[in-house]
There are 2 protein chains.
Amino acid sequence: MSHQIVLHHLNASRSERLFWLLEELGLPYTVKVYYRLPGGAGPPELKKVHPFGRAPVVELDGELLAESGSIVRRLLALKDAPGRENLEDVTGDDSAFWSHWCEGSLMTFFQASALIGGSSQAFLAGAGGPISEEGNKSVGDYATWVTTNVLGAQSKVHLQEIEAYLAAHPGKYFSGTDKPGEGDILMLFPIRSLFEGSRKGKFEVGPATKAWFDKVKARPAVKKAFERLAKEEEGQKKSNL
Amino acid sequence: MSHQIVLHHLNASRSERLFWLLEELGLPYTVKVYYRLPGGAGPPELKKVHPFGRAPVVELDGELLAESGSIVRRLLALKDAPGRENLEDVTGDDSAFWSHWCEGSLMTFFQASALIGGSSQAFLAGAGGPISEEGNKSVGDYATWVTTNVLGAQSKVHLQEIEAYLAAHPGKYFSGTDKPGEGDILMLFPIRSLFEGSRKGKFEVGPATKAWFDKVKARPAVKKAFERLAKEEEGQKKSNL
């Protein structure tokens, strides 16, 4: 049985995980690319796909799927996917933990930091009305204080948890097995951001976390995923000219 | 087979869900109560239980479980729980969606609002150093602007999604069935906050959402859960005197 799959992809977003999963599963898919507005928000076209206006959204045989953890679960349930055996057979406790923890804990701190960073800049640029020089300085000071002392401190604790788990499971994935699972697919997004994305150099990252990322990047499906992602973004840019 | 269960409960936190689930499952459990510090953070004693310093944490037969979605999944997997039949038999797609969506989407907006509200107050009270009257006003203006225009707007869209789903599944739970499931247990926390907690009166809440909450509150297990919660908090207060 073949499936009709459309991946609605927003640049620099959680949708990069789905490229990995779809390549790993060996499922053919088409991609629709959206670009963030200058302020970082998703474009209005994304709201036409799904009221949240966020990415990823996946169409699976005509059904609209949202929410990363839930989309990954649904795609892993396609037992007829040619590459299904490349991934953890049945989602175990470890994978399920990291899948929930990734968005429910780690990303809440990362995302709040990004939100405060972006929105304080917008506010200082006048999005909330005119602001004095002294007010400007205070809002900047507050944003720095909360992202560093409150959110940064919490993020650090969470990154140490990742490192401790991987160090205690040498050579394994977040599934606790030799094959990546639900938890690994979810963790790609925040961990990649620490090495190659918006969080590069902002946190101390341990050797076991680095080893996980290197091992993931060496997988043929991941290489294909990032090639496809780059090609789709480039192609869409051209078609928009 | 009987299980040894300890629920580490922080007042006004996500751990209230676990009272519901444990009562519904008919599993005996002991409770350890922690109280938030005046600023809202968890007390240092919670860090001794788990490095995150957050709640809930559940000890299940000697194993330490964290992360709400994952804890709920683990407890639902105890097929020998006397009340297991009160809940959705096997977690279906709908329940799994709401379980991920609850923390991964809705709560990220709710929590960022609470974070900005609490931390801006702390900052204005001097947590980040002295601040001028004009700086004070600007930080307050920024906090109001971002929680109302950015986070409030997103939260509203998400509450409309809840209402739309429940209205399309009259009389059903978030499981899509006649029995509550994983998604319902997770959704108790944010929905209760809209009617009886910190978000009361702050958002328009639709009739289908209200009907869900009334139906949940009428369940004997939920009544017992909130009675037990109140009793445990009260008991611990007395023992601290």
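User: How do I read the packing of helix α3 (residues 68-76) of chain A and helix α4 (residues 93-127) of chain B?

Analyst: Two packed helices are described by the angle between their axes and the distance between the axes. Here the axes of α3 of chain A and α4 of chain B come within 7 Å and cross at roughly 150°. That makes α3(A) roughly antiparallel to α4(B). Angles over 145 degrees count as roughly antiparallel, under 35 as roughly parallel, 65 to 115 as roughly perpendicular, and the rest as oblique. Axes are lines fitted to C-alpha atoms, for helices over the stretch in contact; angles run from 0 to 180 degrees between N-to-C directions. Helices (H or I, at least four residues) and strands (E, at least two) are DSSP runs, numbered from the N terminus.

This is a predicted model: local features need pLDDT of at least 70, side-chain atom pairs count only at pLDDT 80 or more, and totals for chains, interfaces and linings use all residues. Residues are numbered from 1 along each chain as its sequence is written, chains are lettered from A and ligands numbered from 1 in the order written, and side-chain values use heavy atoms, without hydrogens and water.

User: Which residues of α3(A) and α4(B) meet?

Analyst: Gly69(A), Ser70(A), Arg73(A) and Arg74(A) meet Asp93(B), Ala96(B), Phe97(B) and His100(B). Contact means heavy atoms within 4.5 Å. The residues divide into two nonpolar, three polar and three charged. Ala, Val, Leu, Ile, Met, Phe, Trp, Tyr, Cys and Pro count as nonpolar, Asp, Glu, Lys and Arg as charged, and the others, Gly among them, as polar.

User: What does Arg73(A) form with Asp93(B)?

Analyst: A salt bridge, with the closest N and O atoms 3.3 Å apart. The term needs a side-chain nitrogen of Lys or Arg within 4 Å of a carboxyl oxygen of Asp or Glu. This pair crosses between chains, from helix α3 of chain A to helix α4 of chain B. The structure holds 30 salt bridges over all chains.

User: By what turn can chain B be laid on chain A?

Analyst: Two copies of a chain are related by a rotation about an axis and a shift along it. Chain B is laid on chain A by a turn of 180° and a shift of 0.0 Å along the axis, with an RMSD of 0.0 Å. That is the relation of a two-fold axis. Copies are superposed by least squares on the C-alpha atoms of residues with pLDDT of at least 70 in both. In chain B, the C-alpha nearest the axis belongs to Gly135(B), 2.2 Å away.
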